Amino acid sequence: MSKWIEIAPLSDIPVLGSRVVKTDSFSIAVFRGTDDSVFAIKDACPHKDGPLSQGIMHGTTVTCPLHNWKINLANGEALGADEGCTNVFETKVENAIVYLKNPQ
Amino acid sequence: MKANLVLIGNGMAGVRALEELLKLEPEKYNITVFGEEPYGNYNRIMLSPVLANEKTIEQIMLNDEQWYIDNGITLHKGKKVTEINRIKREVVADDGTTEPYDKLLVATGSTSFMLPLPGADKEGVIGFRDIADVDTMIDIASKHKKAVVIGGGLLGLEAANGLMKQGMDVTVVHLLDRLMERQLDGPAAAMLKTSLEASGMKFLMSHATDEINGDDRVTGLTFKNGDYIATDLVVMAVGIKPNFNLAQESGLHCERGIVVSDTMQTFDPNIYSVGECVQHRGTTYGLVAPLFEQAKVAANHLAEFGIARYEGTVTSTMLKVTGIDLFSAGDFIGDDTTEELVFQDVASGSYKKIVLKDNILIGAVLYGDTIDGTWYFQMMKDGTNVADFRSTLLFGQAHLGDSGHGEETRIANMPLTAEICGCNGICKGDILDAINDKKLFTLDDVRAHTKASASCGSCTGLVESILAHTVGGDYSEAPSKKPLCGCTEHSHDEIRAGIDANALKTMQAVRDQFNWKTPDGCPACRTSLNYYLLCSWPGEYKDDAQSRFINERAHANIQKDGSFSVIPRMFGGICTADELRAIADAADKYDVRQITLTGGQRIALFGLDKAQLPEIWEDLNTAGMVSGHAYGKALRTVKTCVGSDWCRFGTQDSTGLGIKLEELTWGSWMPHKYKIAASGCPRNCAEATIKDFGVVCVDSGYELHVGGNGGIKVRVTDFLAKVKTEEEVLEYCGAFSQMYREDAHYLERTAPWVERVGLSSIKAAIVEDEANRKVLHERFLHGQSFSQDDPWKQHADGKDANEFKSIKITTA
């Protein structure tokens with residue numbers, strides 16, 4: 001089993017948008033920034049498990065659609081006055097294909 | 001090589017400017033701070049609670065010494081700057097410390113004004129300005145019994161209250177016959193005096209001090225009328241004076257303070273000044289909000305951003321004496337050109353006075369019930385014309401049925417366990433703790449840290465009152481204009497005007513034109529701009545899905561577990577048996593977990609996976625149904641009653657009219673959700689008088705009502721006009737909807753919009769100006785020609801398919 005898992009062509013993820021990647025046990029939100037940087041974060045807000053994939057991305061932050069917590073996509077930490085953290089996963093883009101480091 | 005920035009004055013205004021600067025340009029300067037007092041920066045407003053044993057010195061520290069170290073700032077504490085050498089560009093302190101500067105920020109604040117009385121230099125005669133004064137008072141209170149406070153103003157009363165809490169027998173001496181004459185009129189001052197007397201405070205009104213008696217220590221006061229009072233302590237609280245000696249000696253232009261421009265620059269371009277020591281447009285300030293605004297502007301220029309201007313602040317006052325609710329703002333006395341509205345109920349201890357000039361609020365005094373202080377203050381700042389609701393103005397903003405809070409408007413007497421924010425379960429005590437522990441100053445801060453008033457917002461007034469009570473008058477930064485969001489300095493109105501005037505047709509063009517601080521905005525401005533552009537350039541602007549809240553992006557409502565609900569449109573609330581069957585079939589096929597009848601006469605299907613949405617939409621489309629937009633800032637529903645077709649009271653065909661109204665307006669994007677109803681007679685079964693646009697049919701025609709709301713604040717509609725034909729109803733509806741679309745701020749319902757712009761201006765544009773009404777209606781129809789394209793069908797046909805598809809991977 002290779003360490004990197006192919007996800008999708010970069011063009012399948014909208015700029016400042018996301019795709020949901022489902023593993024057997026949980027979901028991962030994969031976001032694409034304006035500079036084509038790619039972030040992968042567990043699709044559960046540290047507040048009340050809101051689906052971060054459905055939030056609005058701005059800069060390197062996503063705002064949770066349920067209660068507007070702002071989560072740093074790079075490290076999973078809640079921003080501002082909120083406290084909490086969710087998992088993030090390594091990604092890479094090669095030949096315009098997005099890869100996710102095996103999260104297991 | 002970094003430039004050197006020196007700050008003289010380690011107080012709230014100066015350090016706030018540094019904090020703002022560090023946010024903008026953390027690496028620009030080597031920063032050095034001189035402070036006379038041997039402490040870090042503390043919250044001077046909180047000295048009264050410290051004296052009253054309600055807080056400790058540690059609790060009022062804003063920036064401890066570690067903060068200076070963490071930010072690489074050199075702090076010279078306990079050193080007084082004695083010279084600014086503007087030629088060499090350096091400052092010299094009393095111990096000889098010399099620091100060079102490239103930019104200098106002078107924030108020397110103010111000092112207590114000490115009456116030049118014979119004997120004023122005796123031991124036991126002090127001002128009330130800093131921690132040392134408080135220490136002296138507490139020390140004397142532990143050894144002596146009697147205290148006199150000279151000055152019956154805000155500061156004097158707070159000092160007197162504190163000294164009473166320290167166990168002293170306190171008499172307040174006041175020159176005039178009215179307490180707090182700068183903030184209160186006669187009746188309010190009398191009520192205040194009565195309740196302070198009830199708590200044990202004594203008063204000598206209309207007494208002018210002649211001499212302070214005693215040998216080394218004070219023993220008493222003699223008055224000009226010959227009276228004498230024995231005392232062990234005299235606190236002079238007759239006012240503050242800007243401290244600008246140092247600036248004046250260095251040759252900076254000073255009048256009653258250090259004179260600064262709108263950029264907070266002094267007459268020396270390398271020297272800025274903020275705080276109580278400055279004079280701006282002829283005014284000096286002694287409250288925290290203006291100082292913080294000034295700090296922000298100075299920081300902006302020190303960072304060389306060069307865009308901020310300080311344009312002065314309207315201030316309000318809130319007395320911090322436990323158990324007393326008092327609010328005052330603006331010109332509360334008035335003159336020949338003003339009118340006053342007064343409400344007085346001595347028995348319940350309530351007094352309200354509002355001063356109006358040409359129907360604009362210019363001043364207010366509230367005693368007892370101060371909950372509406374923030375509302376009046378906002379209208380003063382906005383210059384709101386109150387002509388349309390003068391008759392109810394004194395009764396405050398709490399419209400009938402304001403959910404949850406009812407009569408609970410007296411913050412000071414509420415127990416700590418009183419629930420303030422019903423959405424998030426936040427009690428008064430939680431908010432007080434957060435304000436104290438986290439050093440919060442603004443409503444936004446409190447919202448961020450406690451979530452109180454951050455959800456539905458109905459308790460905003462209560463939270464603001466708690467904040468005002470805790471940190472004193474004019475707590476918030478109260479900018480005279482409210483920026484659209486943190487990404488820009490510009491307001492909603494400025495940006496909308498700019499979009500039209502400069503023909504800005506993309507979000508990037510708007511961000512470039514208005515110097516956005518962020519590269520791609522934030523959820524607040526992206527959703528706003530997307531709407532504004534869509535409204536201004538129908539057919540030209542391409543909707544940006546990533547700037548839509550998920551509900552509008554997915555055309556369904558997200559629920560707490562991440563599933564979605566779907567509500568098909570039923571025009572006028574009418575459906576057929578075939579449509580019901582199609583809905584039931586879809587509910588079975590997609591395993592819908594709950595079917596609900598909505599308040600807007602529609603059917604909602606709950607518990608769908610996002611991936612199922614395009615499929616269920618295709619099925620519903622096949623049965624002839626389209627998106628109900630229950631998820632959007634858009635026309636939601638037109639609610640109807642059965643009208644003259646069936647009802648024995650019905651006067652017109654309200655159902656048919658409702659269907660026509662919904663056919664006219666469906667699919668239109670709005671600043672916020674938008675609801676319409678049509679009732680067949682004045683019994684009003686469709687509840688048209690709490691809708692954004694409501695029609696009540698009468699025998700002779702149609703009454704049109706606007707600006708109603710049945711949610712957080714129940715607001716009954718205002719009557720717009722009466723018309724004779726259905727065609728006119730439709731034209732008025734299109735025109736009103738378009739005016740709201742073009743004028744309201746994003747996320748502003750019609751109810752607050754109508755209150756903000758005034759019903760008169762809406763009537764003038766729609767009722768009295770027929771040509772304008774027709775133009776507005778035409779523009780509405782033009783916009784609708786692009787938006788009445790069922791989004792469900794588009795997605796069922798494959799648009800943005802990836803939005804709904806997830807990617808499955810195996811990780812084992």
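1. Trp4(A) stands opposite Lys101(A) in β10(A). The two strands concerned, β1(A) and β10 (residues 97-101) of chain A, pair in the antiparallel sense over 5 bridges. Strands here are DSSP runs of E of at least two residues, helices are runs of H or I of at least four residues, and both are numbered from the N terminus. Two strands pair if DSSP finds at least two bridges between them.

2. This is a predicted model, in which local features need pLDDT of at least 70 and side-chain atom pairs count only at pLDDT 80 or more, while totals for chains, interfaces and linings use all residues. Residues are numbered from 1 along each chain as its sequence is written, and chains are lettered from A and ligands numbered from 1 in the order in which they are written.

3. The chain A sheet is open, with 3 strands in the order β1-β10-β9 and antiparallel pairing. Its edge strands, each pairing on one side only, are β1 and β9 (91-94) of chain A. From one strand to the next the twist averages 30 degrees; angles run from 0 to 180 degrees between N-to-C directions, and axes are lines fitted to C-alpha atoms, for helices over the stretch in contact.

4. At the interface, 27 residues of chain A are in contact with 23 residues of chain B, contact meaning that the C-beta atoms, placed from the backbone, lie within 7 Å. On the chain A side, β1 (4-9), β2 (17-22) and β5 (56-58) each supply at least two residues. The largest share, 5 residues, comes from β2(A). By class, this side has 13 nonpolar, 10 polar and 4 charged residues. Ala, Val, Leu, Ile, Met, Phe, Trp, Tyr, Cys and Pro count as nonpolar, Asp, Glu, Lys and Arg as charged, and the others, Gly among them, as polar.

5. Strand pairing also links the chains: β2(A) and β39 (residues 807-808) of chain B run parallel and are joined by 2 bridges. Lys22(A) has Lys808(B) in β39(B) as its bridge partner.

6. Chain B has an open sheet of 5 strands in the order β5-β2-β1-β9-β21, with parallel pairing. The edge strands are β5 (74-77) and β21 (271-273) of chain B, and the twist averages 15 degrees from one strand to the next. Within this sheet, β1 (residues 3-8) and β9 (residues 103-106) of chain B pair in the parallel sense over 4 bridges; Leu7(B) has Leu105(B) in β9(B) as its bridge partner.

7. Helix α9(B) lies across β1, β9 and β21 of chain B and runs at about 160 degrees to β21(B). The axes of α9 (residues 288-302) and α1 (residues 12-24) of chain B come within 8 Å and cross at roughly 40 degrees. The two helices are therefore oblique to each other (under 35 degrees is roughly parallel, over 145 roughly antiparallel, 65 to 115 roughly perpendicular, the rest oblique).

8. The residues of α1(B) that meet α9(B) include Met12(B), Ala13(B) and Leu24(B), and those on the α9(B) side include Val288(B), Phe292(B) and Leu302(B). By class, this contact has 12 nonpolar, 2 polar and 3 charged residues.

9. The domain assignment of chain B gives six entries, among them domain 1 (3-110 + 242-302), domain 2 (125-238) and domain 4 (492-548); the bounds come from an automatic or database domain assignment. The centres of domain 2 and domain 4 of chain B, taken over C-alpha atoms, are separated by 57 Å.

Key: Contact = placed C-beta atoms within 7 Å.
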